[in-house]
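Here are my notes for you to read with the model open beside them. Take the points one by one and find each residue as you go.

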Amino acid sequence: MTDNEDIGYTEYLKNGSGIKRYRTTKLVRAWQFGRSQKALKELEAEMGNLDYPGLYILFEGDRKVYVGEAKAICRRLETHTKTPEDKIKNWSTVICLNDGRPATQSDFNDEVVRKALELYLINLFKTNRYTVVSQGEPQNLNPMQKQLVNSLKNELLFFFMKATLVDKDVESREEREVFSDEVQAILKKRGITINHWKEKDAIIDGKPTFVRQGSKKDKGYQITIRGRKPGSFIDCLKSRKGNLLVRRDGVLLIPLTKIRDVIKDDSALEQDTVDIYITFKDEKASLTYKTNMIDVTEYKLSTG
């Protein structure tokens, strides 16, 4: 996480309409309130009935969220209040964020910037184990947009950590765990058939596929191969049938026959477990077993 020692934070008590306000000493301003027409109308009046662009997070219960962006936050929230989408129809609380300025002056008036920040918040809440029911999309940023987005990401992270809604940042691209819905979208975009999908075991293009994210160790991301029964990870590795799908740096879909070439010692597969390691460096991905290493960069389906 970037150093935030130069950012201050103030949190105000709720007012009579249930609106709680926050601000940082830099750009971010935030309002939190329940699903209430009264609170929404008060916020709209506070904004001078002008369009204020920004981001918003709808909360349903404690761990389900919808992250969105809008050129006019109040008008968008009016829609979510009266005719909410089924996937978040029972939302009860919202947090709105912008820089406290109307559209003609706001840094959030740039749709590309808003959408880039929307995707960041989606990944931030996923990283912190929320169920996120909205989807974002990557944006192509020019140098000025990139500088602004990076600064605002840092400030938004600071805000959500101070508000005790998250406790860790999104990992770097290479380290970031790619979540199930993203993996399936990447596979489908590549024309790969998902015959069956479970969190750790899938059938992809008719082949058994073992889905792992790995545990971070000094040597890289450790993936433990285990199982002696027919159809188990070790059994499929012995017969060179199937794939390992690694949910990091986009997706790595590595044929088991390639892994078998690295584990040259046949006796290793008679053990209960076998550990391999995936490492990422300089846009490349490598797979290591003991002192044997191969480049598996060619098996990247997406670099995210």
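**Notes on rings and helices**

1. Let's start with Phe 59: it is buried, with a relative accessible area of 8%. Keep in mind that this is a predicted model. Anything under 20% counts as buried, so Phe 59 qualifies at 8%.

2. Phe 59 belongs to strand S4 (residues 54-60) and Phe 125 to helix H3 (residues 111-127), so the pair ties together parts that lie 66 residues apart in sequence.

3. How many aromatic pairs does the structure hold? There are 11. Another one to find is Tyr 22 with Phe 159, which is edge-to-face, with 5.2 Å centre to centre and 80° between the planes. Tyr 22 sits in strand S2 (residues 20-24) and Phe 159 in helix H4 (residues 143-162), so this pair ties together parts 137 residues apart in sequence. Tyr 22 is buried at 6% relative accessible area, and Phe 159 is buried at 1%.

4. Zoom out a bit and you'll see that these rings belong to one aromatic cluster: Tyr 9, Tyr 22, Phe 59, Phe 125, Tyr 130, Phe 158, Phe 159 and Phe 160.

5. On to helix H1 (residues 37-46). Which of its residues are buried? They are Ala 39, Leu 40 and Leu 43. These residues cover an arc of only 100° around the axis, so they end up on the same side of H1. What covers the buried residues of H1 includes strand S3 (29-34), helix H2 (73-82) and strand S6 (93-98).

6. At its start, a side-chain oxygen of Ser 36 comes to within 3.2 Å of the backbone nitrogen of Lys 38. After H1 comes Gly 48, with a positive phi near 70°.

7. Last stop: helix H5 (residues 180-189). Its buried residues are Ser 180, Glu 182, Val 183, Gln 184, Ile 186 and Leu 187. Just after H5, Gly 191 has a positive phi of about 75°.

Terms used. Residues are numbered from 1 along each chain as its sequence is written. Side-chain values use heavy atoms; hydrogens and water are left out. Buried means under 20% relative accessible area, exposed over 50%, partly exposed in between (1.4 Å probe, protein chains only). Helices (H or I, at least four residues) and strands (E, at least two) are DSSP runs, numbered from the N terminus. The arc is that of the directions from the helix axis to the C-beta atoms. Contact means heavy atoms within 4.5 Å. A polar contact is a pair of N or O atoms within 3.5 Å; within protein, one must be able to donate a hydrogen and the other to accept it, and residues adjacent in sequence count only if both atoms are side-chain atoms. Rings of Phe, Tyr and Trp (its six-membered ring) pair if their centres lie within 6.5 Å; planes under 30 degrees apart count as stacked, over 60 as edge-to-face and the rest as tilted.
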